[in-house]
Amino acid sequence: MNRISGEHGLERMVLEKGAVQSAASYLEQKGFRHAILAADGNTYAAAGKQLEQELTKTDVGVRLCLLAPEPSGDVVADEQALLQLLLEVQPGQTDIMIAVGSGTIHDIVRFVSYKTGLPFVSVPTAPSVDGFTSKGAPLIVRGVKTTFPASAPIAIFADLDILMQAPQPLVAAGFGDMLGKYTSLFDWKFSHLTAAEPYDEEAAAMTEKALRDCVGHVDEIGNRTEAGIRILMTALIESGVAMLRFGQSHPASGAEHHVSHFWEMEYLRRGKRALLHGAKVGVACAEISRLYHDAAYRGMYPGREPAQLRNYGDRVREWLHEVPSKAEIRSLLRRAGGPASREELGIDEELFGRSLREAHRLRDRHTLLRALNEAQ
Ligand SMILES: NC(=O)C1=CN([C@@H]2O[C@H](COP(=O)(O)OP(=O)(O)OC[C@H]3O[C@@H](n4cnc5c(N)ncnc54)[C@H](OP(=O)(O)O)[C@@H]3O)[C@@H](O)[C@H]2O)C=CC1
Ligand SMILES: O=C(CO)COP(=O)(O)O
């Protein structure tokens, strides 16, 4: 993917070396004159400073919003960060925002963009999540992770020079976020069949292709070759476009994401430093795969098999056949250089057990996890 236009308001997608320069000329050509550049300490160093310098060669003025970390050390997409960015907006003057960072900074900017009506441009600094192009923002509000409607960027400039410098754990996390599509795609079909949740073949096919491209190139991704990073970033963008096209996160987010969100909220409550989103999703995907295979093939729920499995067992087993086993998912995570087990991540047994019993409550989705937990 180099340049694609006209996708749901996303008028420009650039994935190439030197894309930051293209971002500056795009902003100037579009006639923007008063930009806010949102970044944090790391992402300003990785790309923000360079973009700021490029913009000084144009007529686009820039106001820097350096998002402040919480006492834990992390920038969090919560009330404080949203307010910090909102305070920088000059009514009647600011005409564009630029998100320079990874998942968290994009969610802060996309939500403020939605509420103020100001467009935004995406400059990813790491191939760590598939949320760059989505129009939902998972935010922490009063300690609870909830997804709110938000805006997609009008353009994305993903600079391979920058993405290839991203720390290896962020790359492995991006791969983990993609592996999560094994279970999210399964849960999406399951919720459509058993609870008539809306479904879109095209969005599902697009996500599945992105997943297979990543799995087929896991070693290049693990070795952070240029080809590997290009394939991973393309897949993450495509997965985000599938969410954008469908309008909700079903293609990309099932029980593995609900479990990951559960862990994230608990870490915030404990004041612990956050674990990377995609690292959690990858490990949760392996665990959900084991749970689902046990339930559907090995009858691990004697006497309380969910009605959905009694009624649709054959179809469910056929779909589960496409979901690799826990061991296979772990092996892929290792090859990408990321944590593969909850022990490696540091999730304790109590939190793990509680998350499997309760995480389905975080979203109103009819996943198999929810069916298993609600079966009498
Ligand atoms: N909207 C959507 O559809 C989606 C949203 N998400 C959300 O995204 C969030 C997670 O995003 P994720 O990208 O994993 O993590 P974060 O955006 O939280 O960033 C993780 C860390 O990476 C650092 N960083 C980023 N780029 C670089 C770089 N090039 N060099 C050095 N450090 C860098 C950041 O620096 P610093 O320490 O300075 O912050 C931060 O410490 C979650 O809240 C998740 O829910 C995930 C998927 C989809
Ligand atoms: O993280 C996501 C996709 O990778 C989206 O999460 P939500 O389903 O919570 O919006």
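A disulfide is a pair of cysteine sulfur atoms within 2.5 Å. The model discussed here is predicted, so local features need pLDDT of at least 70 and side-chain atom pairs count only at pLDDT 80 or more, while totals for chains, interfaces and linings use all residues. Residues are numbered from 1 along each chain as its sequence is written, and side-chain values use heavy atoms, with hydrogens and water left out.

Q: How many disulfides does the structure hold, and what is the place of Cys285 in this count?
A: The structure holds zero disulfides. Cys285 is in no disulfide, for the nearest cysteine sulfur, that of Cys214, is 13 Å away, and the definition asks for sulfur atoms within 2.5 Å.

Q: Why does Cys285 count as buried?
A: Buried means under 20% relative accessible area, exposed over 50%, and partly exposed in between, with a 1.4 Å probe and protein chains only. The relative accessibility of Cys285 is 0%, and Cys285 therefore counts as buried. Cys65, at 1%, counts as buried too.

Q: What makes helix 7 and helix 12 oblique to each other?
A: Helices (H or I, at least four residues) and strands (E, at least two) are DSSP runs, numbered from the N terminus. Helix 7 covers residues 181–195 and helix 12 covers residues 277–297; they pack at an angle of about 45°, with axes 9 Å apart. Axes are lines fitted to C-alpha atoms, for helices over the stretch in contact, and angles run from 0 to 180 degrees between N-to-C directions. Angles under 35 degrees count as roughly parallel, over 145 as roughly antiparallel, 65 to 115 as roughly perpendicular and the rest as oblique. Helix 7 and helix 12 are therefore oblique.

Q: Which residues of helix 7 and helix 12 meet, and how do they divide into nonpolar, polar and charged?
A: Contact means heavy atoms within 4.5 Å. Tyr182, Thr183, Phe186 and Asp187 in helix 7 meet Cys285, Ile288, Ser289 and Tyr292 in helix 12. These residues divide into five nonpolar, two polar and one charged. Here Ala, Val, Leu, Ile, Met, Phe, Trp, Tyr, Cys and Pro count as nonpolar, Asp, Glu, Lys and Arg as charged, and the others, Gly among them, as polar. The buried residues of helix 7 include Tyr182, Thr183, Phe186 and Asp187.

Q: How do you know that the span of helix 7 agrees with its 15 residues?
A: The expected span of a helix is 1.5 Å times one less than its number of residues. Helix 7 should therefore span 21 Å, and its end C-alpha atoms are 20 Å apart, which agrees.

Q: Is Ala196 buried or exposed?
A: With 64% relative accessibility, Ala196 counts as exposed, the cut-off being over 50%.

Q: Why is Arg224 called partly exposed?
A: Its relative accessible area is 29%, and Arg224 is therefore partly exposed. Arg224 lies in the loop between helix 9 (218–222) and helix 10 (226–246), and its phi is positive, about 55°.

Q: What makes Gly228 buried?
A: Gly228 has a relative accessible area of 0%, so Gly228 is buried. The place of Gly228 is in helix 10. Leaving aside neighbours within four places in sequence, Gly228 is in contact with Glu220 and Ile221.

Note on methods
Chains lettered and ligands numbered in written order.
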